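Hi,

Here is the structure I promised to pass on.

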Amino acid sequence: MNEVNSDLVTQFLHQNPEYLDHYVETYVSLDQVERWQIRKSRPPSSYGNRGSSAIGDRLRVNENHHLENKNSLSKWKARIQTSKGRVLHEIAKEIQNPKGKAIILHELAACVSAAVNADGYNLYLVDEGKQEITYSPSSNSGKAFENSAERICLGRTVAAHVACTKEIVRIKDICADSRFPEGLGTGHSKAHAVLGLPLMDGRSNVIGVVEFYKNYKYSLFTDEEEEGAEKILAWGGLALFYAEVHGSMMRQRRLNEFLLTVTKSIFQDIISMDTVIMKIMNFAKSLVHADRASLFLLDTKSRELYARIFDTGTSEDTVLQKEIRFPMDKGVAGHVASTGEILNIQDAYSDDRFNRNVDLQTGYRTKTILCMPIYIRGNVIGVVQMVNKLNGTFSRTDEEAFETFAIYCGLALHHAKLYEKIWKSEQKYKVALEVMSYHCQCSEEELGSVRDSPTDFNVSVVTQYEFSPWGVSYEDKPVFVLHMFKDLFSSMRFDTSDLIRFTLTVRKNYRNVPYHNWVHAFSVAHSMYTVIKTTAHEFTPLESLALFVACLCHDLDHRGKTNAFMVKSASPLAAIYSTSTMEHHHFNQTVTILQQEGHNIFKHLTSEEYKMVLGEIRHSILATDLALFFGNKAKLKDIVDKREFSWKNQEHRELVMAISMTACDLCAMYKPWKTQLDLVNIIMEEFWQQGDEEKSKGMTPMPMMDREKRNELPQLEVGFIIGICLPCYQILADVLLETKPMVDGALANLKKWQEMADENKMIKDKEKPEEDTAADDKVAEETARDDNT
């Protein structure tokens with residue numbers, strides 16, 4: 001048998017290539033194949049014949065080191081070798097991850113690095129919009145992936161040059177090339193030869209830059225290596241582009257399905273604006289995977305953002321709370337509402353627009369924010385704010401998806417608002433029918449009676465604060481109104497018939513309730529007449545006109561019930577007006593009367609004056625809601641105490657107008673004692689009637705409304721005068737000194753009520769020991785009876 005040698009083996013393999021294929025596939029590892037490929041692709045070394053020379057040893061050491069660092073191809077290259085048809089599918093799956101694009105590019109660069117015999121590579125991601133490149137370290141580089149990005153300045157490094165020119169750069173010695181004073185820019189000081197290539201997508205845009213480098217001085221990149229790297233990266237970039245297109249189509253499909261669900265849920269169940277807002281917030285969180293959501297609506301009149309539904313992060317998700325308001329130019333939401341810009345804040349605490357007080361109060365930590373405007377017909381109607389993405393930060397994909405969702409939000413809110421308007425219109429219609437069935441206009445006979453009625457109107461008597469308007473007869477009250485009107489506004493043009501008709505119709509629109517009736521309205525109007533006539537105020541003529549008319553109409557169609565009762569009893573009025581229920585109704589009744597034919601006493605005013613007067617009447621009537629008095633008093637008192645009050649300041653005058661309305665509405669409390677006592681009894685009768693009705697409905701009335709606690713009336717009146725009347729009269733007297741009689745009258749009545757309260761207390765204290773003694777006697781008697789038994 002012939003001895004086997006290398007020549008025979010070579011001859012055998014040449015003659016039997018199928019056996020070579022079988023042997024390699026069966027017995028040779030993939031790593032060995034890679035080593036053969038590296039040796040085969042490496043150009044012949046000019047030092048290859050030096051045997052064990054120092055340079056040859058260094059080359060072998062370099063090769064061994066290279067093989068140790070690359071003891072296996074990347075997983076992507078392995079898959080290419082085994083199943084090329086699955087590559088695009090794998091990329092499409094990987095691209096869905098938050099960092100999928102960077103991961104794929106790293107795998108692609110690792111494959112090319114092995115193919116071109118590089119010692120390593122650097123990957124940069126390019127943002128052409130910002131003209132920036134960002135270094136992207138590999139996941140096994142030893143650095144934290146999320147926090148390892150380093151900004152690279154343009155025009156100084158190889159990567160920046162490639163990104164700008166979109167050209168390949170091949171350098172023999174990076175240290176000797178003056179174009180790149182900062183070299184690679186990533187701290188690879190050992191790099192010698194460099195091959196830089198742009199990564200292009202299907203639209204010829206640069207999406208990244210890869211730098212391959214060799215550390216050994218005599219190792220250079222060849223033309224074949226450059227060509228191979230360029231082709232692999234070109235195909236890889238194209239595959240990545242189509243994978244992104246596929247991923248984008250899948251995301252759009254999921255978004256369409258999501259929006260279809262949103263549309264069905266919201267538009268099939270529009271019950272109220274609050275319901276729609278809650279659904280929008282919950283769907284928004286689900287869309288971008290946020291921890292919490294907020295929706296603020298824009299009040300274009302006051303230029304404020306407001307909300308009353310909040311995401312607490314509890315199992316209840318969204319809850320209804322007291323409405324909050326803030327200027328539309330404050331905070332993150334305010335900036336978005338003012339500018340219409342989308343804000344994607346990666347670090348809330350580094351943004352000056354973020355308000356940290358909310359976090360301090362709630363203990364919640366805000367990290368990331370995505371805030372977006374909601375439009376309808378080109379106008380911002382609200383702002384949706386997403387807080388803390390559950391995994392990482394909000395991305396551009398989140399912004400794009402939410403922009404589409406915001407369109408549906410705008411439509412939903414718009415339709416909900418229309419639905420709410422229709423529902424309120426139905427409630428107003430019910431109220432209108434009720435009002436029309438009760439009220440009617442004055443007759444021509446009544447008009448003629450007032451016009452021809454002679455009345456002794458003594459200004460010097462009528463303008464006294466002690467004057468009792470309750471002493472004027474029912475028939476003479478409209479005549480007195482006519483005289484007061486002409487006395488105050490003689491310089492203005494008014495139609496006398498319209499003025500009489502308006503006054504008589506106002507009188508008819510007051511219900512026959514114990515206190516809040518036409519007589520009360522006349523007394524409040526007289527009180528305002530006295531204030532305007534006797535004080536050195538600086539109200540404008542239109543403001544004075546608005547004050548007097550507001551007093552005359554401030555309780556139109558009053559039902560003898562408080563706002564709280566209207567809400568608790570689910571009155572249609574409470575459904576229309578959520579705050580200051582009756583006061584809003586009084587103003588609307590005023591407007592309704594003015595709109596009737598022959599009743600517009602302001603018809604000679606200009607359009608601008610008419611609008612101004614109606615606005616002041618509304619402001620004045622709403623000010624009679626005692627719930628608003630405390631805020632108005634605090635503001636005016638602060639201004640007066642600081643000596644900053646000025647009649648030239650519109651806001652200051654409006655505060656004085658509001659306090660004047662409250663003072664005149666409470667005019668019964670500063671009248672002479674006998675008058676005051678009679679009026680209090682009338683007021684209490686109205687309160688007690690409400691208490692009786694509350695009891696019949698199973699409600700528990702307030703002590704003041706409880707007829708069975710009438711013996712507590714003196715103490716209640718003491719508290720009312722001290723807590724409301726005196727502070728009101730006093731702050732008014734601080735501005736209008738001539739109203740001091742109000743304070744004096746209230747103090748005199750307070751003294752009387754205090755005496756009655758003290759007397760009641762003495763009687764109660766006296767009765768208590770007697771009751772205790774009787775109880776003790778009864779116990780002793782029963783004990784003796786038990787002993788005898």
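Let me start with a question: which residues are buried in α17? They are D498, L499, I500, R501, F502, T503, L504, T505, V506 and R507. Before I go further, please keep in mind that this is a predicted model.

So α17 is mostly covered, with 10 of its 13 residues buried. Among the elements that cover those buried residues are α14 (444–451), α16 (477–488), α18 (518–534), α19 (541–553) and α22 (581–595). The helix itself runs over residues 496–508, and its length checks out: at 1.5 Å a residue its 13 residues should span 18 Å, and the end C-alpha atoms are 18 Å apart, which agrees. At the N-terminal end of α17 there is a cap from D495, where a side-chain oxygen lies 2.9 Å from the backbone nitrogen of S497.

Next, the strands. I looked at β12 (residues 379–389), where 9 of the 11 residues are buried, so this strand is largely enclosed by the rest of the structure. It has antiparallel pairings with two strands that I can point you to. With β7 (residues 290–299), β12 pairs over 7 bridges in the antiparallel sense, and there A293 has M386 of β12 as its bridge partner. With β11 (residues 369–376), β12 is joined by 8 bridges, again antiparallel, and M372 is partnered with V384 in β12. β11 and β12 form a hairpin with 2 residues between the strands, and R377 in that hairpin takes a positive phi near 55°.

Strand β4 (residues 169–171) runs antiparallel to β5 and is joined to it by 3 bridges; I171 has V194 in β5 as its bridge partner. β5 also pairs with β6 (residues 206–214), in the antiparallel sense and over 8 bridges, with G196 standing opposite E211 in β6. The hairpin of β5 and β6 has 5 residues between the strands, and S204 takes a positive phi near 65° there.

R653 sits in helix α25 (residues 650–665). Is R653 buried or exposed? Its relative accessible area is 10%, so R653 is buried, since the cut-off for that is under 20%. Its side chain makes a polar contact of 2.5 Å with the side chain of Q650. Leaving out residues up to four places away in sequence, R653 touches E538, F539, T540, E543, W647 and K648.

Finally, the cysteines. How many disulfides does the count come to? The count is 0 disulfides. For C664, the closest cysteine sulfur is in C551, 5.1 Å away; a disulfide needs the two sulfurs within 2.5 Å, so that pair is too far apart for a bond. C664 has 0% relative accessibility and therefore counts as buried. C111 is buried as well, with a relative accessible area of 8%.

That's what I have for now. Over to you!

Note on methods:
Residues numbered from 1 in each chain as written. Predicted model: local features only at pLDDT ≥ 70, side-chain atom pairs only at ≥ 80, totals over all residues. Heavy atoms only, no water. Buried < 20%, exposed > 50% of the residue type's maximum accessible area, 1.4 Å probe, protein only. Helix = DSSP H or I, 4+ residues; strand = E, 2+ residues; numbered from the N terminus. Pairing = 2+ DSSP bridges. Polar contact = N/O pair within 3.5 Å; in protein donor to acceptor, adjacent residues only side chain to side chain. Contact = heavy atoms within 4.5 Å. Expected span 1.5 Å × (residues − 1).
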